[in-house]
Amino acid sequence: MRPVLPEPLRPLSELARNLRWSWHPETRELFQSVDPEGWQAAGGDPLRLLGSVPADRLAVLSEDRRFRRRLAAAADDLHDYLNGRRWYQEQPPGLPRAIAYFSPEFGITAALPQYSGGLGILAGDHLKSASDLGLPLIGVGLLYRHGYFRQSLSREGWQQEHYPLLDPNELPLDMLREHDGTPARVTLALPGGRTLAAHVWQARVGRVPLLLLDSDVEDNGPGERDVTDRLYGGGSEHRLLQEMLLGIGGVRAVRAYCRISGHPEPEVFHTNEGHAGFLGLERIHELIGEGADFDSALERVRAGTLFTTHTPVPAGIDRFDRDLVARHFGEDAELPRLDTGRVLALGREDYPGGDGNLFNMAVMGLRLAQRANGVSLLHGRVSREMFAGLWPGFDAEDVPITSVTNGVHAPTWVAPEVFRLGARHIGAGRAEDALAVGGSARWDTVSDISDADIWELRGTLRGHLVEEVRRRLHASWRERGAGTAELGWIDDVLDPDVLTIGFARRVPSYKRLTLMLRDRERLTELLLHPERPVQIVVAGKAHPADDSGKRLVQELVRFADDPAVRHRIVFLPDYGMAMAQKLYPGCDVWLNNPLRPLEACGTSGMKAALNGCLNLSVRDGWWDEWYEPDFGWDIPTADGSGTDEDRRDDLESAALYDLLAQRVAPRFYDRGADGLPGRWIEMVRRTLATLGPKVLAGRMVREYVERLYAPAAEAHRALEPRAARELAAWKAKVRAAWPAVAVDHVEAVSDGPLGGTAELGATLSLRVTVRLGDLDPADVEVQAVAGRVDEADRLTRTVAFPLKATGTPGLDGRRLYEGPLTLDRTGPFGYTVRILPSHRLLAGPADLGLVAVPSEATGEAAGVLMR
């Protein structure tokens with residue numbers, strides 16, 4: 001039953017149904033004023049609030065001229081936000097007309113629980129920032145009727161899972177309907193003549209539509225109806241069906257949405273992790289239906305596709321038995337125009353160490369995308385090494401996977417108190433733009449805020465966290481079976497004047513939830529120090545099937561239950577967005593201690609930093625890239641190959657304890673004559689001023705637009721059907737001819753002594769003889785590649801120089817290439833030569849994964865080394 005609002009209050013419905021309220025303080029404050037107690041009871045969800053407000057209260061508000069003015073102002077502000085020109089509209093022409101962004105989960109707000117962890121929160125922040133910047137982006141995901149899960153604890157501290165049923169009609173969603181009012185549907189064919197149908201629900205994320213596919217449709221059989229029951233639930237076939245619905249059904253949902261709404265069709269398709277990789281197969285299938293052949297359709301699809309990988313380990317990738325995939329893409333199943341063998345080849349692990357019996361979703365994602373990226377500089381390097389087998393013959397640094405470091409949506413994660421302090425100094429409008437759009441390298445106005453104001457702010461936020469922790473801890477212990485008489489001690493849990501450390505994230509083993517417990521005696525000394533105590537707030541969920549993760553949770557909970565320390569360390573169950581928005585601002589230090597380099601990016605520390613919290617972290621993910629002593633502390637790592645896991649944990653936990661005891665706590669408690677910790681406050685100020693602008697999702701999305709979306713749109717337009725056929729035919733010719741391509745001889749003439757040592761600025765004249773077989777010089781580029789030489793005599797930090805063909809081919813078909821190579825750097829220097837395919841429509845030199853380099857028989861001159 002939906003409430004019927006009086007006519008003067010009708011704009012409240014529009015405000016509640018657009019999720020911009022989740023990051024717009026004025027709109028939230030408006031809803032809170034409708035019924036403060038009801039707002040609290042509704043968990044800050046406007047739709048739930050409006051469903052519970054008594055009719056007499058609505059009648060009073062409809063006559064309240066002051067409230068109506070506020071409502072009109074909020075409605076006008078939303079209208080301006082949705083329809084005004086923003087950053088994207090001010091850019092030069094040529095940007096994509098629309099972008100489709102696919103993700104298995106989206107963390108927009110706690111009122112729409114469709115996320116499990118960082119991947120979903122990142123996707124939600126991407127959509128919100130796209131809205132703030134004005135991108136014509138369409139989000140695509142699945143609607144999970146049970147979400148992820150709610151976490152509670154048993155009396156013994158064991159994680160328990162609960163799956164409350166979510167009714168889409170109670171969520172901020174609208175069903176996508178055809179012009180005649182009937183629900184829009186997408187349908188997939190399954191083996192044995194079965195079908196999988198799904199409705200499409202739409203969430204409005206500011207300017208961005210988010211389409212969520214829901215298989216709970218009456219026409220489906222019981223198994224098909226449960227395909228979208230739980231996020232990351234079920235067995236292998238269940239996951240395959242989820243990913244087919246997300247990728248194939250998602251493209252069909254986008255087509256339906258654009259047809260019904262008039263939204264421009266996407267030119268760029270962005271898949272956030274491999275779960276949605278089947279979208280490329282559906283688009284190939286569409287093009288074949290329009291008359292294209294498989295190879296030219298593949299080229300057209302690749303041109304406009306971007307694949308973002310978030311995992312630094314092969315174990316984090318979805319892999320399916322190839323026979324299972326073959327059954328679902330056979331003659332009586334989905335995508336009948338595609339040859340099953342070609343489908344299987346896209347996901348085959350046909351590289352050293354791969355398993356030919358498995359279908360790898362990330363491998364398919366990379367083969368179907370002309371552009372790919374990791375989510376931090378370090379993760380980009382790790383990804384290039386992890387997937388190097390797909391580009392045999394290339395060094396890892398040449399693998400075409402770039403990186404765009406993640407960011408966080410500041411309006412969502414910055415506490416209202418932090419925003420108000422900034423707005424006092426630069427005005428609300430400028431503060432909003434600084435957080436949402438970004439663009440400046442520094443927030444210099446932070447220097448105008450006094451030490452006293454910063455310290456008062458930090459104390460206020462810490463006090464709010466203490467209140468929140470006590471409330472949640474009381475509720476948790478009641479769920480664990482404790483009576484009220486047992487819980488008086490909770491009133492003294494945490495101290496608003498004590499150094500507060502936060503640690504909250506998912507609980508896979510590599511994140512090392514219990515590293516802090518490695519030496520319990522030392523940890524207890526830190527917690528109970530008579531002059532410089534610390535207190536720790538911990539939260540996190542283990543995957544329901546991960547018993548080892550659950551044991552880590554129980555280990556932490558049992559330590560925190562000890563009456564000797566329970567006032568200084570707490571575990572809060574059911575970590576989610578609502579808790580996080582209180583936790584990040586209230587902590588003084590954010591702790592992160594993963595096994596390096598297994599944290600692809602890790603954004604929780606970014607959210608904390610935007611609230612003036614300092615980071616204490618292993619140099620992994622984004623912290624490896626942007627760490628400075630001004631922003632916090634780096635935990636030394638023992639990640640050498642000779643260090644076993646237990647020894648590594650001993651060394652790194654000892655380093656953590658030393659940092660806390662000798663550097664972190666002393667600085668927090670070092671007070672000047674004015675009673676303020678001046679050096680600590682200066683670190684807070686520098687974190688806000690210098691790190692703040694870097695960690696914004698606005699910066700991240702602008703990078704995606706400029707470095708990836710715009711080039712993808714340009715490539716998509718260039719590969720019209722005739723050009724796609726030309727490129728596909730050329731690639732087939734090159735692949736067939738490549739076995740005959742070789743570097744035969746390399747000769748170098750120096751204007752100084754050659755070998756041993758050479759002077760800076762000297763020049764080598766290179767003469768390279770090559771065989772091209774059936775290819776022409778226009779089909780290749782012959783390059784000299786020069787760079788520094790590492791201790792293993794490998795080239796690093798290389799630069800490539802093209803060589804020019806001279807004369808005509810000899811009688812034996814050999815061709816001569818020449819060019820100068822300037823020795824422009826001191827120290828160990830080396831070079832080699834290589835032949836690469838070259839075509840105007842290639843995205844890069846490694847696009848085909850083909851390269852010819854000198855053989856050992858070619859001679860030492862093929863790779864001269866000078867020290």
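In these legends, a residue is called buried under 20% relative accessible area, exposed over 50% and partly exposed in between (1.4 Å probe, protein chains only). You're looking at a predicted model, where local features need pLDDT of at least 70, side-chain atom pairs count only at pLDDT 80 or more, and totals for chains, interfaces and linings use all residues. Residues are numbered from 1 along each chain as its sequence is written, and side-chain values use heavy atoms, with hydrogens and water left out.

**View 1. R797 sits exposed in a strand.** R797 lies in strand β26, residues 795-802. Helices (H or I, at least four residues) and strands (E, at least two) are DSSP runs, numbered from the N terminus. R797 counts as exposed because its relative accessibility is 61%. Look at the backbone here too: phi of R797 is near 45°, a positive value in a residue other than glycine.

**View 2. L494 is another positive phi, this time at a buried residue.** L494 isn't a glycine, yet its phi is positive, at about 65°. You'll find L494 in the loop between α19 and β17 (499-504). With a relative accessible area of 2%, L494 is buried.

**View 3. K607 is the lysine that carries a UniProt annotation.** The unreviewed UniProt entry lists K607 for "modified residue: N6-(pyridoxal phosphate)lysine". UniProt positions follow the numbering used here, feature names are shortened, and annotations may be inferred rather than shown by experiment. K607 belongs to helix α23, which covers residues 604-609. Its relative accessibility is 4%, so K607 counts as buried. Who surrounds it? Setting aside neighbours within four places in sequence, K607 is in contact (heavy atoms within 4.5 Å) with I121, D125, V408, W413 and Y584.

**View 4. A cis peptide bond joins R596 and P597.** Omega for this bond is about 5°. P597 is found in the loop between β20 (589-592) and α23.

View 5. Not counting residues up to four places away in sequence, W680 touches W455, L499, D588, V589, L614, W633, V664, R667 and F668.

**View 6. W633 and W680 pair up their rings.** Rings of Phe, Tyr and Trp (its six-membered ring) pair if their centres lie within 6.5 Å; planes under 30 degrees apart count as stacked, over 60 as edge-to-face and the rest as tilted. By this rule there are 19 aromatic pairs. W633 and W680 make a tilted one, 5.7 Å centre to centre with 40° between the planes. W633 is in strand β22 (residues 632-635) and W680 in helix α26 (residues 678-691), so the pair ties together parts that are 47 residues apart in sequence. Both W633 and W680 are buried. They also share one aromatic cluster with W455, F668 and Y669.

View 7. E720 is the N-terminal cap, with a side-chain oxygen 3.0 Å from the backbone nitrogen of R722. Buried in α28 are A723, A724, L727, A728, W730, K731, V734 and A737. Their cover includes α11 (294-303), α27 (697-718) and β29 (829-837).

View 8. D847 is in the loop between β29 and β30 (865-866). It counts as buried because its relative accessibility is 15%. The D847 side chain makes a polar contact with the side chain of R302, at 2.9 Å. Such a contact is a pair of N or O atoms within 3.5 Å; within protein, one must be able to donate a hydrogen and the other to accept it, and residues adjacent in sequence count only if both atoms are side-chain atoms. Leaving out residues up to four places away in sequence, D847 touches R302, W391, K731 and L842.
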